Amino acid sequence: MNPKLQKKINNLENIERFPAEELLELLPIKKTDNVLDLGAGTGYISMSIAERVNTVYALDNDKDVLEYLETQATERGITNITSVVGDFREIPLDNQVVDIAIASISLHEVQPLATALKEVNRILKDRGLFLCIELEKSETSTGPRVSSNDMEVEMLDAGFTIVNKIYPSTQIANQSVYIILAQK
């Protein structure tokens, strides 16, 4: 493995995250569900949810990181994760194939956000759920951020209904987090 890729994987593996198990408790997960993990990276969501669902589509724009995820899944005997190399603004999946979409600390990087959210809506089945976890925008934010209020407006504009909005006490890298559960 090249050193640059190894460094990226190490960074992704060691990043502070919201516990996947706590996120998954917010969803009515069924064994027949197909799930999209937006910005899958090394698979912290994909690996956690795989045993509970039919198929996980692990979407990321980095083919090499997805190959690493596939290797990790194989080593753990997980066979229902499908890697999808692509962009949030043009998700390479058919219409209405996913029951649940999850974006964990990944949408703040996407411009225009509206395009990505419309794509998530497109690939979700009717009444499908979208779970968004993001860092709250604040006066001290460094890097791109989307405030919870702006995210909610963008989700509504993309055709979602807000089911729940949560402000957990858990912080990531000393930054506040918000969780929005929306339905198509």
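Gln-96 counts as partly exposed, with a relative accessibility of 39%. Partly exposed falls between buried (under 20% relative accessible area) and exposed (over 50%), using a 1.4 Å probe and protein chains only. The model is predicted: local features need pLDDT of at least 70, side-chain atom pairs count only at pLDDT 80 or more, and totals for chains, interfaces and linings use all residues. Residues are numbered from 1 along each chain as its sequence is written, and side-chain values use heavy atoms, leaving out hydrogens and water.

Backbone geometry comes next. Gln-96 has a phi near 50 degrees, a positive value in a residue other than glycine. Gln-96 sits in the loop between β3 (81-85) and β4. Helices (H or I, at least four residues) and strands (E, at least two) are DSSP runs, numbered from the N terminus. Arg-127 is another non-glycine residue with positive phi, near 70 degrees. Arg-127 belongs to strand β5, which covers residues 124-135. Its relative accessibility is 59%, so Arg-127 counts as exposed. The peptide bond between Gln-111 and Pro-112 is cis, with omega about -10 degrees. Pro-112 lies in the loop that runs between β4 (98-104) and α5 (113-123).

Charged side chains were then examined. The whole structure contains 6 salt bridges. A salt bridge is a side-chain nitrogen of Lys or Arg within 4 Å of a carboxyl oxygen of Asp or Glu.

One of these bridges joins Lys-63 to Glu-67, with 3.0 Å between the closest N and O atoms. Both residues belong to helix α4 (residues 63-75). Lys-63 and Glu-67 are 4 residues apart, about one turn of the helix. Lys-63 has a relative accessibility of 48%, so it counts as partly exposed. Glu-67, at 37%, is also partly exposed.

Another salt bridge brings together the side chains of Arg-89 and Asp-87, at 2.6 Å from N to O. Arg-89 is partly exposed because its relative accessible area is 37%. Asp-87 counts as partly exposed at 29% relative accessibility.

Glu-152 and Lys-165 also form a salt bridge, and their closest N and O atoms are 2.5 Å apart. This pair links distant parts of the chain, 13 residues apart. Glu-152 is in helix α6 (residues 148-157), and Lys-165 is in strand β6 (residues 161-166). Glu-152 has 24% relative accessibility and therefore counts as partly exposed. Lys-165 counts as partly exposed at 22%.

β7 spans residues 177-183 and is mostly covered, with 7 of its 7 residues buried. Val-177, Ile-179, Leu-181 and Gln-183 point one way from β7. Tyr-178, Ile-180 and Ala-182 point the other way. Residues of both sets are buried, Gln-183 and Tyr-178 among them.

β7 pairs with β5 and runs antiparallel to it, through 7 bridges. Two strands pair if DSSP finds at least two bridges between them. Cys-132 has Ile-180 of β7 as its bridge partner. β6 and β7 also run antiparallel, and 5 bridges join them. Here Ile-162 stands opposite Ala-182 in β7.
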